[in-house]
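Let's take a walk through this protein together, one piece at a time. Have the model open beside you and turn it as you read.

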Amino acid sequence: MSPGNPLDLPYGGIYLQRLSSAACCASQARSALTRTMEALGFPQPTIDDGALAISELATNAHLHTHPERPPTGPELWIWARTRPTHDLLVAVFDTCRDALPAPSPSHVLDEQGRGLGIVATLARTWGCHPSRSRLNPTPTPGKATWFTLPLPAHWPTPQQPIPPALAAQRLALTLQSRGLDCARRSDDTGISVVTVEDLIVWVKRASFSWRSDTRTYASHPLIDLQEAAESVVRTLEQTALPYSI
């Protein structure tokens, strides 16, 4: 998958960058996020908060990346979402699932040290979930640790609705790039369906939606393509784990 253009983020795009497995990954992530946020018109205080938070996540990923699994180093992911709030979502992927930090301020100091305490202070929200890599030819299992920052007030809004069939195609391609087998079909009612493993994603005029089990229902606006795709990956990876998180 190509790195992407930061200016595509308001329209469902994503920015990706492979990070070094060495300690310099923090400065790489900080520079990439700063450039992206500057291009998108974020205010300087928010950029400064993001730069400090991503330095902590990248450093944490460097400390926990498995050196015996080259060339799978940390990855930086940046995308936007409109629900539940208008956020920039910044994630660092690494291949270690030995210790997943709980997204609760009461545990961050115990599990990961002061770095994630800083992230929790600077970010609107943060968390961690099982995921798989985006930039390797063969996607590798691991975890994504992420935080969110509020989008600028002038964030662009797409003027034209996204056709469900096009949204379904883009979702299927995104999931296929993560190593998942997908089937896609559309009907004359304007509804499309993407089937990925045992999960059925309904793509309607306003949203992606699915039920992962009898208790959990997910829904994401069509513009939140990257958020929906990562949520599907998270659901499937969570189900595959031999332990609960």
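Predicted model: local features only at pLDDT ≥ 70, side-chain atom pairs only at ≥ 80, totals over all residues.

For an overview, the secondary structure comes to 6 helices and 10 strands. The protein has 245 residues, and 51% of them count as buried. Among contacts with a separation of 6 or more, 60% come from residues 24 or more positions apart.

Now let's look at the sheet that holds strand 1. Here 5 strands form an open sheet in the order 1-2-3-5-4, with antiparallel pairing. Strand 1 (14-18) and strand 4 (125-132) each have a single partner strand, so one side of each is left without a neighbour in the sheet. On average, neighbouring strands of this sheet are turned by 20° against each other, direction ignored. Helix 1, residues 25-39, packs on this sheet and touches strand 1, strand 2 (75-81), strand 3 and strand 5; its direction makes about 160° with that of strand 1. Look too at strand 3 (residues 87-94) and strand 5 (residues 141-150), which run antiparallel and are joined by 8 bridges. If you'd like one to find, Ala91 has Trp146 in strand 5 as its bridge partner.

Next come the aromatic rings. A pair of rings like this is described by the distance of the centres and the angle of the planes. The structure holds 2 aromatic pairs. One of them is edge-to-face: Phe42 and Trp155, at 6.2 Å centre to centre with 65° between the planes. This pair links distant parts of the chain, since Phe42 sits in the loop between helix 1 and helix 2 (44-64), while Trp155 is in the loop between strand 5 and helix 5 (164-176), 113 residues apart. Phe42 and Trp155 are both buried.

Trp77 and Phe93 make a stacked pair, with 5.6 Å centre to centre and 15° between the planes. Trp77 lies in strand 2 and Phe93 in strand 3, so this pair ties together parts that are 16 residues apart in sequence.

The charged end of Arg134 sits over the ring of Trp77, 4.5 Å from its centre. Arg178 also lies over the face of Trp77, at 5.2 Å from the ring centre.

Glu227 is found in helix 6. Is Glu227 buried or exposed? With a relative accessible area of 12%, Glu227 is buried, because the cut-off for that is under 20%. The side chains of Glu227 and Arg81 are joined by a polar contact of 2.8 Å. Setting aside neighbours within four places in sequence, Glu227 is in contact with Trp79, Arg81, Leu89 and His220.

Strand 9 (residues 207-211) and strand 10 run antiparallel, joined by 5 bridges. His220 is the bridge partner of Phe208 in strand 10.

Finish at strand 7, which is mostly covered: 4 of its 5 residues are buried. Strand 7 is joined to strand 6 by 5 bridges, and another 5 bridges join strand 7 to strand 8. In the hairpin of strand 6 and strand 7, with 5 residues between the strands, Gly190 takes a positive phi near 90°. The hairpin of strand 7 and strand 8 has 2 residues between the strands, and there Glu197 takes a positive phi near 55°.

Key:
Residues numbered from 1 in each chain as written. Heavy atoms only, no water. Pairing = 2+ DSSP bridges. Axes fitted to C-alpha atoms, helices over the stretch in contact; angles between N-to-C directions. Contact = heavy atoms within 4.5 Å. Phe/Tyr/Trp six-rings, centres within 6.5 Å; stacked < 30°, edge-to-face > 60°. Buried < 20%, exposed > 50% of the residue type's maximum accessible area, 1.4 Å probe, protein only. Lys NZ or Arg CZ within 6 Å of the ring centre and 35° of its normal. Polar contact = N/O pair within 3.5 Å; in protein donor to acceptor, adjacent residues only side chain to side chain.
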